[in-house]
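Let's walk through this structure from the inside out. Keep the viewer open and follow along.

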Amino acid sequence: MKHSWKIGKIFGIDIHIDSSWFVIFILLTWALANSYFPRQYPDWGTLMYWMIGIFTSLSMFASVLIHELAHSLVAKAQGEEVRRITLFILGGVAQISEEPKKPWKELTMALVGPSASIVLAFGFFVMSFFMAGFSEPLKASFLYLAIINFILAVFNLLPGFPMDGGRVLRALIWQVTGNLKKATHIASRVGQGVAFLLLFFGVFQILRGDWSGFWLIFVGWFLHSAAVRGYQQVTVESTLKGVRAKELMREDFERISGDILVQELVDKFILHKRERVFLVGDGQLLQGIVCLEDVKAIPREKWTVMTVAEIMTPKDKLEAVSPDDDGSTILNSLTAKDIHQVPVVEEGKVTGIICRSDILRYIQLRSELDI
Ligand SMILES: [Zn+2]
């Protein structure tokens with residue numbers, strides 16, 4: 001299933017919406033049209049409830065987009081590349097190509113999002129005021145949007161990395177300690193702590209009979225996984241910074257024929273030679289690369305019927321890198337294209353192979369040695 005759809009481009013940034021966004025859009029519209037507005041304004045009529053419900057949901061979507069655009073435009077002004085903005089179930093994510101280079105840059109980039117939401121909250125509040133004598137439904141919608149933008153600002157300012165508040169916290173610790181990795185670690189831990197507090201209060205509320213506790217649990221769970229994932233990402237990027245392809249590649253690979261069965265590859269080569277990756281081809285002709293992950297991806301009963309040529313990553317799908325290419329760029333492209341290995345080519349000759357698992361093992365070793 002497709003996970004996100006591109007809906008347009010603003011300031012050169014691709015705008016995507018995640019499939020989970022549709023869930024929240026329907027839920028929010030339904031809750032507004034069925035419960036929130038009818039309870040507060042009993043005499044509007046069903047069509048008006050739905051129209052204003054959809055209008056409010058769409059405006060909410062625009063508000064989140066403006067929040068993310070604020071982050072992105074500041075990032076661009078700071079010289080970063082912003083690839084895309086994805087709107088998903090709990091807001092948005094701006095994909096910014098690199099980690100900020102200075103604490104104050106990160107601080108401004110983080111603060112500008114919640115500031116935009118506060119400005120929007122104020123703007124909607126003023127508009128609801130002007131609508132008071134003109135249209136009650138619009139007044140109600142703007143008032144709701146004012147409140148929701150304010151909540152969005154406060155939620156994003158929770159001090160858990162990678163939320164905006166967590167980034168503010170990280171920038172401050174970074175400024176004091178001069179150590180980005182350490183600052184990220186602390187900010188991520190605080191994020192996990194805040195997440196557990198939210199989970200705890202959520203459960204507490206449910207035990208008291210208040211079902212809105214589910215929201216807190218949901219937000220807490222989201223924050224927790226974001227904090228863990230954000231930290232891992234920074235660790236990976238900072239560990240691989242300045243590491244070249246030639247330091248990550250293996251040079252001791254063997255060449256095998258594509259015609260042999262997978263079973264033979266396992267018995268005669270993987271187990272016998274204790275290697276995980278092989279070049280496939282006859283003579284100097286490279287057909288592809290096969291590695292342990294390719295074998296693991298097919299069921300065992302197929303090992304005796306499928307050939308190596310059928311499971312390998314074929315040559316035309318391999319994207320060669322050069323020995324001086326950057327490690328984190330290689331890992332990102334492996335992950336993005338969902339492939340397991342790339343050949344390292346120098347002057348037209350394969351000099352090495354990099355497997356995703358090798359890069360991951362390298363990161364693990366570095367983190368165990370704490371270097
Ligand atoms: Zn934000």
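Within the largest nonpolar core, which has 33 residues, Trp21, Phe37, Trp44 and Leu87 touch the most other members. A core here is a set of buried Ala, Val, Leu, Ile, Met, Phe, Trp, Tyr and Cys residues joined through side-chain atoms within 4.5 Å; buried means under 20% relative accessible area, exposed over 50%, and partly exposed in between (1.4 Å probe, protein chains only). At least two residues each come from β2 (13-18), α1 (19-40), α2, β3 (82-88), α3 (103-131) and α4, and α2 is the top contributor with eight. Helices (H or I, at least four residues) and strands (E, at least two) are DSSP runs, numbered from the N terminus. There's also a second, separate core of 17 residues, with Val262, Trp303, Met306 and Val308 among them. In soluble globular proteins, nonpolar side chains tend to be buried together.

A word on ground rules: this is a predicted model, where local features need pLDDT of at least 70 and side-chain atom pairs count only at pLDDT 80 or more, while totals for chains, interfaces and linings use all residues. Residues are numbered from 1 along each chain as its sequence is written, and side-chain values use heavy atoms, with hydrogens and water left out.

His67 sits in helix α2 and Asp164 in helix α5 (residues 164-177), 97 residues apart. Both His67 and Asp164 are buried.

What about charge pairs? The whole structure has six salt bridges, each a side-chain nitrogen of Lys or Arg within 4 Å of a carboxyl oxygen of Asp or Glu. Arg170 and Glu106 make one of them, at 2.8 Å from N to O. Because Arg170 lies in helix α5 and Glu106 in helix α3, this pair ties together parts 64 residues apart in sequence. Arg170 and Glu106 are both buried. Another joins Asp358 to Arg250, with the closest N and O atoms 2.7 Å apart. Asp358 is buried at 10% relative accessible area, and Arg250 is buried too, at 16%. Finally, shared partners join Glu106, Arg167 and Arg170 into one salt-bridge network.
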